[in-house]
Each structure stands twice: as structure tokens, then as C-alpha cells.
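Dear colleague,

I am passing on to you the structure below, together with its sequence. Please look it over when you have time, and then read on for what was found in it.

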Amino acid sequence: MPVKQMATVAVDIGHSSLKLIQTGVDGRIQKFVVHRIPEGCVDDLNIVSEDALIKSLKTARQKARLNPGKCFLVLSGTDILIRHFTLPILSEDELYRNILNEMTGYLPVDPEKYYIDYKIVEKVKEDNAEMYNVLVTTVHKRIVNRYKSVLGKAGLRVTVVDTGENAREKLLKHLAAQDKSFNICGGICILDLGTKFTRASIYHNGNYFISNVIKKSGQQLTEVIARNSGKDILSSETMKREIDFLNQPHPNAELKSAVTYEIDSLLYEIARLFDYYRNRAKSAVHTVFLSGGGALMPGLVEYVGRHLGLPVYLSSMLLPAARSANTVDHRGFTLLLNAYAATLREE
Ligand SMILES: Nc1ncnc2c1ncn2[C@@H]1O[C@H](COP(=O)(O)OP(=O)(O)OP(=O)(O)O)[C@@H](O)[C@H]1O
Ligand SMILES: [Mg+2]
């Protein structure tokens with residue numbers, strides 16, 4: 001399915017910040033904002049404080065000078081189930097009935113309570129019979145409806161809901177269609193280093209293949225720095241953003257080794273996912289992109305590259321502003337990857 005650029009507003013709400021972006025018909029970013037939200041306002045996909053989130057959304061919208069109107073919402077969270085199934089080639093109705101049947105094994109309650117969406121990835125041969133490889137995404141209706149209601153109260157009418165996994169797939173396909181030198185054959189890994197979780201997703205020949213949520217990310221790193229430096233959380237957060245603990249010597253050897261240990265254990269989990277992918281897909285990850293705020297940690301790109309033995313880049317280079325020739329520092333756009341990817345439409 002071809003991917004189209006559109007004039008769109010997209011919203012990505014994380015644990016510590018929400019991202020709003022507006023693109024033009026040519027896909028260029030026209031307006032954007034990364035706005036901090038109060039701590040504890042959102043937990044995984046649950047909106048803990050509606051009022052605080054509505055207020056944050058309104059402020060963010062005004063900061064970005066966005067008028068009230070339609071928007072696309074991109075969601076990531078452990079309550080979104082994404083599964084591949086191999087199913088017989090059937091009519092649309094029958095295929096959907098089969099998918100419902102398969103999903104009931106995974107869903108804790110009545111499937112009626114879920115939005116169930118699917119797409120046919122490709123045809124595959126199994127025991128000489130042609131089958132569909134189907135990617136199914138499910139999310140509880142209550143979760144989506146709550147987001148719609150909250151965004152609506154902030155002047156943002158949700159017309160499309162997407163997942164981070166699918167949005168990034170669209171972006172990779174779009175980039176490959178635009179630029180023949182962009183290689184989506186084999187495995188590409190995108191790491192989203194957020195506040196509470198790191199999500200590692202692998203795309204095989206441009207299609208979403210698998211992901212793993214690792215409960216280790218920005219917040220935990222700050223806490224480790226605080227524990228080992230004796231400093232408060234705020235100072236530790238600043239240290240995390242300014243000091244390269246990974247590649248440079250540091251006078252506090254214990255602190256340096258504690259930070260390095262956190263990243264190493266994250267890389268251990270990622271390497272295990274790569275092994276799984278290699279065994280299942282008979283293919284290897286050839287490039288890694290880092291996204292989310294955690295990607296900006298000094299020295300991380302270099303360190304991850306050295307330890308995985310792969311080319312590693314900030315995902316900001318996947319965004320159009322950074323791909324154009326001007327020299328402004330676009331590193332911060334790594335935070336906008338999911339929101340930007342969500343502005344693309346699959347036709
Ligand atoms: N320059 C920087 N260096 C290191 N870490 C940073 C930097 N800027 C932001 N971070 C960290 O990135 C994290 C926030 O990133 P991001 O906004 O992508 O998360 P989120 O989307 O709110 O969270 P999640 O995806 O887990 O819901 C915080 O832990 C913050 O400390
Ligand atoms: Mg996030």
C-alpha cells in the first residue's frame with residue numbers, strides 16, 4: 001500500500017511530555033511542540049488525571065499556535081496487543097471471523113470491548129498452500145474513547161488512531177519509496193527510549209515484525225545517577241543530559257559504572273531480541289535508529305553502535321527537516337518521530 005504525505009496534525013502523549021506536530025501537504029513540519037506534562041498524569045495508556053492532561057494539551061496547542069481541529073492520535077503502550085497470524089485465504093468476512101477467533105485466546109475479556117484492526121502483510125506458502133500473513137492490532141475501546149474525549153475537550157478532534165509500531169512502518173516505507181538508497185531490506189530496529197520504557201521494534205523488509213518493551217529507560221537512569229552521586233533528582237537529570245558517562249572517563253568511577261551497567265543490561269535485552277529475529281526471519285538487523293528523549297543522552301549513539309557492532313543513528317535523520325540540506329541542529333526531532341510518522345497515511 002503506498003504511503004501518502006498529508007496536511008495533518010498528530011499527537012503523541014508520553015509519560016513525561018506530549019508532542020504535537022502539524023505537517024503541510026508536502027509532508028514538511030510546519031509547527032511542532034514538545035510540552036512537559038505533570039508527572040503521573042498518564043501511566044502507560046491510562047489517563048490518570050483528565051483535567052491536567054486537558055490543560056496541558058490546551059497549553060501545548062496554544063504554544064504551537066495550532067487552531068482547534070482534526071488530529072491523528074498515535075498510541076504506544078503495553079495494553080496494545082499486536083500479533084501476526086497465518087490464516088487461510090478467505091473472504092473478508094470469514095477472515096475477520098477467523099481473526100476474532102484467534103484473538104479471543106489473547107484477550108482477557110469479551111472481544112466486543114476491543115477495537116480489532118488487521119492488515120494483510122503478504123501471502124506466504126505453508127505446506128504448499130498459500131496463506132495470508134495477517135497483522136492484528138487490538139486495543140480496549142475504553143482506552144481509545146477516553147483519549148478521544150480528553151483530546152476533544154482540548155479542541156482536538158481525533159479522526160485516526162494509530163500505533164507507534166504501525167506509524168513507524170509507514171515512515172520507513174515512505175522513505176524507501178522516496179529515496180532508493182534507503183535500505184529497508186532485512187532488519188531495521190527502532191528504539192524508542194522514553195521515560196519509563198524502552199520499546200525495541202524490528203521491521204523486516206519494511207514490515208513490522210516484532211517488538212519488546214523493556215522496563216528500563218530515562219527515569220530509571222536518572223534515579224541511578226541520583227543514588228550513585230548523592231545528588232537530587234533535578235541535578236541528576238541535568239547530569240544525565242550533559243555528561244558522557246559511557247565513552248569518557250569520570251572521576252566518580254562507581255557512578256560511571258552504574259550508568260554503564262544500566263545501558264549494558266538494556267543492550268543485553270536488545271541483543272536477545274535480535275537473536276530471536278535472526279532465528280525466526282533468517283535475516284539480520286543492519287541498522288538501528290534511536291528515538292525518544294533518551295536517545296539524546298550524550299555518547300549513547302556511539303556506545304550502542306560499538307556494542308551492537310552496527311550503524312546507529314538518531315531517528316531525527318528520518319524526518320524531512322533533517323534530511324534537507326540546512327545545518328540547523330535537528331537532534332531534538334528524535335522526540336517527534338512517532339508524532340511525525342503518524343501524520344502519514346496508508347492509501
Ligand atoms: N538531552 C537528553 N539527554 C538524556 N535524556 C534526555 C534528554 N532529553 C530528554 N531525556 C529523557 O527522555 C525521557 C523523555 O523522553 P520522551 O519524551 O521520549 O518520553 P515520553 O514519550 O514522555 O515517555 P514514554 O514514551 O515512556 O511514554 C526522560 O526520561 C528524559 O529524562
Ligand atoms: Mg514516548
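Predicted model: local features only at pLDDT ≥ 70, side-chain atom pairs only at ≥ 80, totals over all residues.

The chain has ten helices and 17 strands. Its radius of gyration is 20 Å, close to the 20 Å that the globule rule gives for 347 residues, and the chain is therefore as compact as a globular protein of that length. Taken along the principal axes, the box that the C-alpha atoms fill is roughly 65 × 45 × 45 Å. Of the 347 residues in the chain, 36% are buried, and among the contacts with a separation of 6 or more, 62% are between residues 24 or more positions apart.

The domain assignment gives domain 1 as residues 81-140 and domain 2 as residues 185-310, and the C-alpha centres of these two domains lie 32 Å apart.

As for the ligand, there are 20 residues around ligand 1, and those that come nearest are Gly14, Gly194, Gly218, Gly292 and Gly293. The shell is made up of twelve polar, four nonpolar and four charged residues. Two helices, α5 (218-229) and α6 (233-242), each supply at least two residues of that shell.

The strands that I would ask you to look at are β2, β3 and β4, with β3 paired to both of the others. Strand β3, residues 17-23, has six of its seven residues buried, so it is largely enclosed by the rest of the structure. On one side, β3 runs antiparallel to strand β2 (residues 8-13), to which six bridges join it, and in this pairing Val11 stands opposite Leu20 of β3. These two strands, β2 and β3, form a hairpin in which three residues lie between them.

With strand β4 (residues 29-36), β3 is again antiparallel, here joined by seven bridges, and Ser17 stands opposite Arg36 of β4. The hairpin of β3 and β4 has five residues between the strands, and within this hairpin Gly27 takes a positive phi near 85°.

With best regards

Conventions. Residues numbered from 1 in each chain as written. Chains lettered and ligands numbered in written order. Helix = DSSP H or I, 4+ residues; strand = E, 2+ residues; numbered from the N terminus. Rg over C-alpha atoms; globule rule 2.2 N^0.38 Å. Buried ≥ 20, exposed ≤ 12 C-beta atoms within 10 Å, placed from the backbone. Contact = placed C-beta atoms within 7 Å. Domains from an automatic or database assignment. Near = placed C-beta within 6 Å. Nonpolar A, V, L, I, M, F, W, Y, C, P; charged D, E, K, R; others polar. Pairing = 2+ DSSP bridges.
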